[in-house]
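Me: I'm new to this structure and would like to learn how to read its features. Could you walk me through it?

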Amino acid sequence: MSYELQALIGTLELLTVAAAEVPVARVAPLAQGLALIPATPAFLNAFRADGDERKSDGGAGFAWHPDGFELRLAAWSKAGPVACVEAEFFGGTGTQRAAVWNDGRLELGPLSSAFEPFAPGGSPISRVLRQLGARVEEGRADEFEAVGLGVHRSTEDWAATVG
């Protein structure tokens, strides 16, 4: 079974304010007071000037970031930490990449993992979720599971839930 996600994660309050600046942005609540904005093509296109398809040369190295996207993340992070995450898995193998912006700068990452088992500190996404305040709950394997990121299997599925 496959899993694919490209999203921003932060507190529900912070992402609600950020989404108000981008009319096509949709906020999906997660557990523990967090939320995500699925990085759909429509969302990413909102940051491209005049159809410009350039990608960010990016401090964080996310290939799907439009040029200058990290500047927007930095601006939003002045109100609180915001993470950028991506994951792609199929048949038990895959990759994760994650980073956290806080107080206008890249604070953690980018963290990357090309395969499991993950480093002793956990997966890149679990590590940034921990930075955002997520905690493992009883009966949950990690922060990824604790906040509910496994509820949907793709960025598009997340976007469809918040229509």
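Me: Which helix holds T155?

Reply: T155 is found in α6, residues 155-161; helices (H or I, at least four residues) and strands (E, at least two) are DSSP runs, numbered from the N terminus. The model is predicted: local features need pLDDT of at least 70 and side-chain atom pairs count only at pLDDT 80 or more, while totals for chains, interfaces and linings use all residues. Residues are numbered from 1 along each chain as its sequence is written, and side-chain values use heavy atoms, leaving out hydrogens and water.

Me: Is T155 buried or exposed?

Reply: Buried means under 20% relative accessible area, exposed over 50%, and partly exposed in between (1.4 Å probe, protein chains only). T155 has 1% relative accessibility, so T155 counts as buried.

Me: What does the side chain of T155 make a polar contact with?

Reply: A polar contact is a pair of N or O atoms within 3.5 Å; within protein, one must be able to donate a hydrogen and the other to accept it, and residues adjacent in sequence count only if both atoms are side-chain atoms. Here the partner is the side chain of E4, at 2.8 Å.

Me: Which residues of helix α1 are buried?

Reply: In α1 (residues 12-20), the buried ones are L14, L15, A18 and A19. Seen down the axis, they fall within an arc of 130 degrees (taken from the directions from the helix axis to the C-beta atoms), so they line one face of α1. The face turned away from that buried side carries exposed E13, V17 and A20.
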